[in-house]
Structures are given as structure tokens and as C-alpha cells.
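Q: I have a model open and would like to go through it with you piece by piece. Can we start once it is on the screen?
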Amino acid sequence: MIAVVILVIISFGIFFIKKNIDHQKELRAQKVYENKVTTEKKRINELQNSISIDNEIVINTVVKIKNLNLKTKEAQSLKSKYIEKDVKAVYEYIESNINKKDIPNNDVRFNNINELQSNIATLENDAKSYQEMENIFNKNKIRKL
């Protein structure tokens with residue numbers, strides 16, 4: 001009888017020790033995951049903070065963010081959110097630049113041939129830049145949203 005009680009006590013002891021070890025493993029795994037999330041988000045935020053929409057290298061930075069190899073869902077979600085925001089901002093910036101060059105035919109500047117030719121040259125350069133950006137985004141499968 002005493003042997004049975006001792007075996008039961010030892011069994012419960014082993015059970016609770018195993019539970020505690022498993023719990024400690026879970027806590028360590030959770031801490032590692034949280035550190036990974038923090039590290040991945042930091043990498044994304046560093047790239048995102050370096051972005052200037054009115055700069056040509058913004059396209060390369062968006063591609064770098066898109067190409068980050070992230071393991072956590074939280075970081076992947078943040079990456080998607082930033083890419084969507086950045087691509088939209090880049091397209092809006094280019095579109096606003098193009099719209100600034102438009103001179104209505106009832107504007108007195110419409111008769112200024114030099115300004116019109118300058119605007120046409122600028123628009124042609126913008127169109128090349130826009131096409132290059134479009135090619136980079138298509139090559140890297142980044143959609144305009």
C-alpha cells in the first residue's frame with residue numbers, strides 16, 4: 001500500500017515536472033518568436049523611413065521591402081501595408097507632376113512656345129521614368145493599387 005502511494009506521488013511529481021519543462025519551452029519559443037517579429041518589423045521600418053516619394057530611388061526601396069524574406073505573419077502584414085501605401089504614393093506623385101505641366105489653351109502661357117516645349121520635354125522624361133518604374137514594379141510583381 002505504501003509502495004502504491006509512493007508510486008502515485010512519484011508519478012504526479014514526474015507529471016508536474018514534465019508540464020513545467022514543457023511550459024518553459026513554450027515560453028522560450030514565444031520569446032524567440034516575439035524577438036523575430038520585432039527584428040523583422042525593425043528592418044521594414046528602417047527601409048520605410050528611408051523612403052522619399054519625390055526621389056528616384058524610392059522604387060528600389062519599395063522593391064527591397066517587397067523582397068524581404070519574412071517569417072512572421074505580423075511582419076508580412078506590415079510589409080504588405082507599406083508596399084500598398086508606397087506604390088500608391090509613387091503613382092500619385094508622378095500623376096501630380098504630370099498634371100502640373102498641363103496648361104489649358106485659354107491660359108496666356110499657352111502662347112509661350114518655349115514653356116510649352118520645356119513642359120513637353122519634361123513630360124517625355126517623366127513618361128520614361130514612369131515606364132521604367134512600371135517595368136521595375138512588373139518585374140518584381142508589385143501591383144498598382
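Q: Where is Gln 48 found?
A: In this predicted model, Gln 48 is found in helix α1.

Q: Is Gln 48 buried or exposed?
A: Gln 48 has a relative accessible area of 9%, and because anything under 20% counts as buried, Gln 48 is classed as buried.

Q: And what is Gln 48 in contact with, leaving aside its neighbours within four places in sequence?
A: With those neighbours left out, Gln 48 is in contact with Ile 65, Tyr 82, Lys 85 and Asp 86. With Asp 86 there is also a polar contact, made between the two side chains at 2.8 Å.

Q: Which residues of α3 are buried?
A: The buried residues in α3 are Ala 75, Leu 78, Lys 79, Tyr 82, Ile 83, Asp 86, Val 87, Val 90, Tyr 91, Ile 94 and Asn 97, so that list takes in Asp 86, whose side chain makes the polar contact with Gln 48.

Q: What covers them?
A: The cover over the buried residues of α3 includes α1, α2 (58-66) and α4 (113-139).

Q: How far apart are the end C-alpha atoms of α3, and what should its span be?
A: Helix α3 runs over residues 73-100, and its 28 residues should span 40 Å at 1.5 Å a residue. The end C-alpha atoms are 41 Å apart, which agrees with that expectation.

Q: Lys 73 lies in that helix too; buried or exposed?
A: Lys 73, which lies in helix α3, is exposed, with a relative accessible area of 67%.

Q: What follows α4?
A: Lys 141 follows α4, and its phi is positive, near 55°.

Q: Where does Asn 111 lie?
A: Asn 111 lies in the loop between α3 and α4, where it is exposed, with a relative accessible area of 64%.

Q: How many salt bridges does the structure hold?
A: The structure holds one salt bridge, in which the side chains of Asp 22 and Lys 18 meet at 3.4 Å, N to O. Both residues lie in helix α1, four residues apart, about one turn of the helix. Asp 22 counts as partly exposed, at 28% relative accessibility.

Q: Last one: which residues form the nonpolar patch on the surface?
A: The patch is formed by Val 4, Val 8, Phe 12, Phe 15 and Phe 16, which together have about 500 Å² of accessible area. One of these, Phe 12, has its place in helix α1, which covers residues 2-49.

How values were computed
Residues are numbered from 1 along each chain as its sequence is written. This is a predicted model: local features need pLDDT of at least 70, side-chain atom pairs count only at pLDDT 80 or more; totals for chains, interfaces and linings use all residues. Side-chain values use heavy atoms; hydrogens and water are left out. Patches are made of residues with over 30% relative accessible area and no salt bridge: like charges are joined within 9 Å, nonpolar side chains (Val, Leu, Ile, Met, Phe, Trp, Tyr) within 5 Å. Accessible areas come from the Shrake-Rupley method with a 1.4 Å probe; for residues, only the protein chains shown count as cover. A salt bridge is a side-chain nitrogen of Lys or Arg within 4 Å of a carboxyl oxygen of Asp or Glu. Helices (H or I, at least four residues) and strands (E, at least two) are DSSP runs, numbered from the N terminus. Buried means under 20% relative accessible area, exposed over 50%, partly exposed in between (1.4 Å probe, protein chains only). A polar contact is a pair of N or O atoms within 3.5 Å; within protein, one must be able to donate a hydrogen and the other to accept it, and residues adjacent in sequence count only if both atoms are side-chain atoms. Contact means heavy atoms within 4.5 Å. The expected span of a helix is 1.5 Å times one less than its number of residues.
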